[in-house]
Amino acid sequence: MTALNAEQARLAIVEHSRRLADSAAAAEPDTAVPTAPKWTISDLVAHVGQTQNWVAEIIERRITDPTQLPTELAVAPTDSRCWHTWLAESSQRVASACSNDALDAPVFNPAGDERPGTRFWLASMLNEAVVHGFDAAAASGRPADVDADVAVALISNHFAMLTSPTWAMQRADSAHAIRGTGQTLQWLATDTAADGAWFIERRPDGAAWEPGTRQAEVTVSGPARSLLMILTRRIPLTDHGTAGISVNGDTGLAQHWLDNTAHVAG
């Protein structure tokens, strides 16, 4: 992952899972999650903990065949007083599964790109903890902080997912919508000097991205945390004041990208 090593990612998964648990505990279990409208806080906690345990089993067993993926999910506690312990255990389990020995071991990678499976899952689990941590914070009225280097790594992972072979196969509608005839977008983090720029070109054969800055038809600038939350559709592009975002150029082009790059879950 860009600008974040494996140990930093493992620690961040555990830390952001703890923050998520803190936010969840501050709300009622049936509190609606405004940034994930189909979910309650209970649903959110169950999803994160179950996903962490599910992924940990995939890596622990070194599963390479998708037909052998686990079919059972861990049972989430019904008592909200147990959420802290449960998420602490599930986040530590998946972080430990993503050990240095496992990073380049044969493991199934759902994205179908060049990354070893465990490295894919490490980025994915960090994304789950951070983005759903923001969801929990929004539901409980608490602030959600994300370090710039973590946000930068997750933005790079986000673009990698949107341009992966699996995205094109499973989300053909999205992949088709973000094709183009050379339209360009620049995303620029203003609070970090390391790898905080992403250039996108919408080509006839599919969208492509690369790190760095180039002249573009629209440039979206702001703190890395805000860019991440906009790209994952947690805050709107128009939330300039609170998010510290500026949009220079064709705003409609940036909004079209956001409208057509939603992930299925959450």
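I looked up the sheet and found it open, with five strands in the order β3-β2-β1-β4-β5 and mixed pairing. Two strands count as paired if DSSP finds at least two bridges between them; strands (E, at least two residues) and helices (H or I, at least four) are DSSP runs numbered from the N terminus. I noted β3 (206–211) and β5 (246–249) at the edges, each with a single partner strand, so one side of each has no neighbour in the sheet. On average, neighbouring strands are turned by 15° against each other, direction ignored.

The model is predicted: local features need pLDDT of at least 70, side-chain atom pairs count only at pLDDT 80 or more, and totals for chains, interfaces and linings use all residues. Residues are numbered from 1 along each chain as its sequence is written, and side-chain values use heavy atoms, without hydrogens and water.

Next I checked β4 (residues 218–222), which runs antiparallel to β5 and is joined to it by four bridges. Ser221 has Ser246 in β5 as its bridge partner.

Then I turned to the helices. I saw α10 (residues 251–259) packed on the sheet, touching β1, β2, β3, β4 and β5, with its direction at about 85° to that of β1. Contact means heavy atoms within 4.5 Å. Helix α5 (residues 148–162) lies across β1 (183–189), β2 (197–203) and β3, at about 10° to β2. Axes are lines fitted to C-alpha atoms, for helices over the stretch in contact, and angles run from 0 to 180 degrees between N-to-C directions.

Last, I looked at α8 (residues 224–231), where seven of eight residues are buried (under 20% relative accessible area, 1.4 Å probe, protein chains only). Among them are Leu227, Met229 and Ile230. Just after α8, I found Arg233 with a positive phi of about 65°.

Methods: Buried < 20%, exposed > 50% of the residue type's maximum accessible area, 1.4 Å probe, protein only.
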